[in-house]
Amino acid sequence: MRDHGNGDLLLVSEAVCQQVIDQTSAFDAVEAVFAAMANGQAQNFPVVRQAIGYADALYGFKSGFDSAGLVLGVKSGGYWPHNADNGLTNHQSTIFLFDPDTGCLQALVGGNYLTAVRTAAASAVSIAHLARANAEVIGMVGAGHQSAFQLRAAAAQRDFKKVVAWNRSPKNLQQLESVAVGLGLDFEAVSPEQLGASADVIITITSAFGPLLADADIRPGTHISCMGTDTRGKQEVDPEIMSRSRVFTDEIAQSISIGEAQHAISLGLVTADAITSIGEVINGQHQGRINDDDVTLFDGTGVGLQDLAVASAAVRLADKQGLATKISL
Ligand code: NAD
């Protein structure tokens, strides 16, 4: 009989999540759950995401069950675009974990920091498995809240020497520049065309609704992590790029409906069966990159199981270190 605890509810705050979950633990949790998804051991349930008609907010639920890790739960929250003006993170979320044997609520976990690290971890997992081993220049498209997390996690995957970056408002590139400098990397603000011409790995992490990178900008051998498109209508790259790329994703159903692939699919440039789950590459069921001059594209749409995986790791570590607050139910 599994230990179901003593009925305590564990509260793990944002600050504690930052203390206990580092880039490596997030990477490991996300890589493991992508592998479980590809093996059929973990399943995401249908996502609810709605404009609430107030504060321009998008609100919803992402839930799932990982039978390999025995993690059941839901992330509730969304995107409040005006929060940054008031010193708050635009993404706001909380993760609820339940005992899969009993349905009892086990933990409430702050989801803001975890959303950023699990999203960065997804992109980093794709770089680890798909980018050329000799990649030296990383291109960042976007300079919002997620971008610094993305750059730090990506930088751990290859021996990068330089960051080239573009943002709609160039003055917002300063924070990304200080992250790059802190990592010991050269930094240059460039146009999208220059970015494509020099980057070996590109991360797009914006809220754009139209292509920021043209097909002609992308060189053979590039790996692109498209991380910003997680809603119908959003778009970051020219769909033609997909037709000449090996395309991978966290979850195919999301990729073709709310991910970057939605556009290439609706134009008939790619079909769903040409898109591979990154978990298959992790599990060795798919080769991933085949040639050095392949363009590989990871469509990171963001699945609930990523949130649950890092939240479960946070609860385990916080409990072990005596950092979780316990409430008797
Ligand atoms: P943010 O609001 O802090 O930053 C938004 C970024 O998008 C800025 O760089 C801004 O300049 C850029 N941008 C906005 N509109 C643009 C446009 N029309 N053209 C070009 N650039 C534009 O947001 P964030 O927290 O950094 O998140 C960035 C995006 O990533 C959001 O759209 C968010 O929904 C998405 N996201 C995806 C996942 C996932 O798992 N795939 C997870 C978290 C966030």
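1. Buried means under 20% relative accessible area, exposed over 50%, and partly exposed in between, with a 1.4 Å probe and protein chains only. By that cut-off, Gln-146, Ser-147, Ala-148, Phe-149, Gln-150, Leu-151, Ala-153, Ala-154 and Ala-155 are buried in helix H4. That is 9 of the 11 residues of H4, so the helix is largely enclosed by the rest of the structure.

2. On the basis of these notes: this is a predicted model, in which local features need pLDDT of at least 70 and side-chain atom pairs count only at pLDDT 80 or more, while totals for chains, interfaces and linings use all residues. Residues are numbered from 1 along each chain as its sequence is written, and side-chain values use heavy atoms, with hydrogens and water left out. Helices (H or I, at least four residues) and strands (E, at least two) are DSSP runs, numbered from the N terminus.

3. The sheet. Eight strands form an open sheet in the order E10-E9-E8-E11-E13-E17-E15-E16, with parallel pairing. Two strands pair if DSSP finds at least two bridges between them. Strand E10 (186–189) and strand E16 (275–277) stand at the edges; each has a single partner strand, so one side of each lacks a neighbour in the sheet. From one strand to the next the twist averages 20 degrees.

4. Strand E11 (residues 201–204). Which residues point which way? Val-201 and Ile-203 point one way, Ile-202 and Thr-204 the other, and all are buried. In a regular strand the side chains alternate between the two faces of the sheet. Strand E8 (residues 137–141) runs parallel to E11 and is joined to it by 4 bridges. Strand E13 (residues 223–226) also pairs with E11 in the parallel sense, over 4 bridges. Val-201 stands opposite Ile-138 and opposite His-223 in E13.

5. Strand E9 (residues 162–166) and E10 run parallel, joined by 4 bridges. Ala-165 has Ala-189 of E10 as its bridge partner.

6. Contact means heavy atoms within 4.5 Å. Axes are lines fitted to C-alpha atoms, for helices over the stretch in contact, and angles run from 0 to 180 degrees between N-to-C directions. H4 (residues 145–155) lies across E8, E9 and E11, at about 165 degrees to E8. Helix H5 (residues 174–182) lies across E8, E9 and E10, at about 160 degrees to E10.

7. H3 against H4. Helix H3 (residues 112–130) packs on H4 at an angle of about 40 degrees, with the axes 8 Å apart. That makes H3 oblique to H4. Angles under 35 degrees count as roughly parallel, over 145 as roughly antiparallel, 65 to 115 as roughly perpendicular, and the rest as oblique. The crossing of H3 and H4 is right-handed. A crossing is right-handed if the near helix is turned clockwise from the far one by less than a right angle, and left-handed if anticlockwise. Among the contact residues are Tyr-113, Thr-119 and Ile-127 of H3 and His-145, Phe-149 and Ala-153 of H4. The contact divides into 9 nonpolar, 6 polar and no charged residues. Ala, Val, Leu, Ile, Met, Phe, Trp, Tyr, Cys and Pro count as nonpolar, Asp, Glu, Lys and Arg as charged, and the others, Gly among them, as polar.

8. H4 against H5. Their axes come within 10 Å and cross at roughly 20 degrees. That makes H4 roughly parallel to H5. This crossing is right-handed. Ser-147, Ala-148, Leu-151 and Arg-152 of H4 meet Gln-175, Leu-176, Val-179 and Ala-180 of H5. Here the residues divide into 5 nonpolar, 2 polar and 1 charged.

9. Gln-146. Beyond its neighbours within four places in sequence, Gln-146 is in contact with His-91, Thr-115, Ala-116, Thr-119 and Ile-205.

10. Ala-42 lies in strand E2 (residues 42–44) and is buried at 8% relative accessible area. Leaving aside neighbours within four places in sequence, its contacts include Val-33, Phe-65 and Leu-305. Ala-35 belongs to helix H2 (residues 23–38) and is buried at 11%. Not counting residues up to four places away in sequence, Ala-35 touches Gly-279, Ile-282 and Asn-283.
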